[in-house]
Amino acid sequence: MRSGALLLRVAAGATVVLSVLPLLGLGMAAIDPPTDPLVGAAPDLATLVRRSRVLELAFRSIGLGLTVGAGALGLGTALAWAEQRLEYPGRRALGVMSLLPLAVPSYVLASTVATALGPAGWLGGPLGLSRPRGLLAASLVLVLVTAPYVQLVVGAALCRSSAAEEEAARTLGASPARVFVEVVLPRLRPSLAYAVLIALLYAVSDFGAVAVLDVPVLTWRLYEAVQHQALDRAALLGGGLVLATVPFFAVARLLRGQEPGRGVANPRRPARRRPGPTGLALTYGAHGLVIGLGVAVPVFTMAGWVLEGLRRGLPFATPWDALGHTAGLALVGSVLTVLIAFAPAALTRVGRTGILMEQAIYLTSALPGVLVAFGLMLVALTASRALGGGGLYAALLSGGGLLLLGYALRFVAEVFGPLRSAVLGLDPRQRETARVLGATWATWARRIAAPALAPGLGAALVVGFVAILKELPVTLLLGGATGLTPLAFRVWDRYNEALHHDAGVAGLLLVGLTLSGVGLTLRWRRHA
């Protein structure tokens, strides 16, 4: 079995090397800044900082993240509390439906909300609203997208909590508010910290919503710089984007506090209570906001685009090529992502090595997709120049190698979660028994480990598949040279060209695919 363990360590080391490639590309750009294509000389740093407005963009990105984090934490926690602690008509159905915005990409939600709530929209017209745009509109869209993540994480923590301490506190005369502050909240703090970190990182890394709603932040300006081949400015903006994420980890750490003690072995859930009229109205209002704006408005708006195109007799681009490209890329990308994440997950039990592997995995996935794509482009370009030409870079870009690697590094942490849970569920005594009986490592892996890991592997594949379906910046930056037109690209391109009928078809297909994937992973995500 030693050869198998050595193979896992080598594969895990290769994964760590791959994980730091985007940061390596940014580091090389910082040490040797790209030359300005107009003047052919390395730019002056002070001039570049002033011209790129990186400080202003960084503060706006941080402000957007903090706003979205606070809003998602409040709304998602309220939904989780209602689902786990209250009893009201339609609780289960509304709880599941409030998670459906997970299937709607932020750029789809932003474009449909902007259209529906605009002066010519089916909601904005009768209400006399102006076109939503700017920081406030982007914050609303991103809160709707991230609140379900908070609902899942906090809901799982509430589901695992025991009623014993709360009942004891109430028996001693504590008010409901004091019970929540002194008993429930300390148990929830780690989950709240993790949930708000997800929302913060999602907001600062978002590209689609801020681009559609015209919010100048680091991700949007970084994409523009790469598109215009202003690599010097892009390198500076990329560094600013990395630094902009640092305060969020500090906020999450401060919110987390000290780990609470372990709970009871068999926790008994607290009894649900019926809310009063005000509480019931607020509960239904929260569900209505998330379900209405997060799911109903996008679906109805895109369906309206399609119907309007049919009514006007507009030509539709065939969606089947885009559908096939999307499914193929997501399938191959998810398999590659699982292969990259498997070795570090298998070493989870190995003390400090497992901890270092886990930190390396989460490091890259904390980076925005546009930054991962740009970092990989810089590494490939530098390697290609070192080999005496641009052939390697062109081959990696046009052949789809960089695109698939970008998907894998962007979402390796998401598939690492279910893989890690599956590995931790293996019984080490079975491995010891197999060794005593003389079974080889390959025999143990094939007959014992593989069947036990199969559910976790399946969940990881579906999670990666759904994540890749929705990814936009990696697709735009690394997929253009491949000639493939996945649905994410089709929605973005057709919407920007004002061909809303085509964007509606692609968007409905994309949401349908992601909804099916979210439905498959909902059970695992809720309880893992």
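Let me start with confidence. Among the elements of the chain, helix H21, residues 428-436, has the lowest mean pLDDT, 65. Helix H15, residues 277-311, has the highest, 93. pLDDT is the predictor's confidence in each residue, from 0 to 100. The chain averages 81, and 80% of the residues score at least 70.

So you know the ground rules: this is a predicted model, where local features need pLDDT of at least 70, side-chain atom pairs count only at pLDDT 80 or more, and totals for chains, interfaces and linings use all residues. Residues are numbered from 1 along each chain as its sequence is written, and side-chain values use heavy atoms, with hydrogens and water left out.

Now the fold. The chain has 25 helices and 0 strands. Those are DSSP runs, numbered from the N terminus: helices are H or I, at least four residues, and strands are E, at least two.

Of the 528 residues, 50% count as buried, meaning under 20% relative accessible area with a 1.4 Å probe, protein chains only. Next, contacts, meaning heavy atoms within 4.5 Å. Of those with a separation of 6 or more, 84% join residues 24 or more positions apart.

On to the cavities. A cavity is a set of points, on a 1 Å grid over the protein atoms alone, where a 1.4 Å probe fits but cannot get out. Lining residues have an atom within 4 Å of a point. Grid points are joined across faces, edges and corners, and a volume is the space filled by probe spheres set on the points. The count is 3 cavities of 30 Å³ or more.

Helices H16 (320-346), H22 (441-470) and H24 (487-496) each supply at least two lining residues. H16 gives the largest share, 3 residues. The lining includes Thr 326, Tyr 407, Glu 471 and Leu 487. By class, that lining has 8 nonpolar, 2 polar and 1 charged residues. Here Ala, Val, Leu, Ile, Met, Phe, Trp, Tyr, Cys and Pro count as nonpolar, Asp, Glu, Lys and Arg as charged, and the others, Gly among them, as polar.

The second largest cavity is about 40 Å³. H24 and H25 (500-527) each supply at least two residues of its lining. H25 gives the most, 3 residues. Among the lining residues are Arg 490, Asp 502 and, once again, Leu 487. The classes here are 6 nonpolar, no polar and 2 charged.

Notes:
On a 1 Å grid over the protein atoms alone, a cavity is a set of points where a 1.4 Å probe fits but cannot get out, and a pocket is an open set with protein on both sides within 12 Å along at least five of seven lines; lining residues have an atom within 4 Å of a point.
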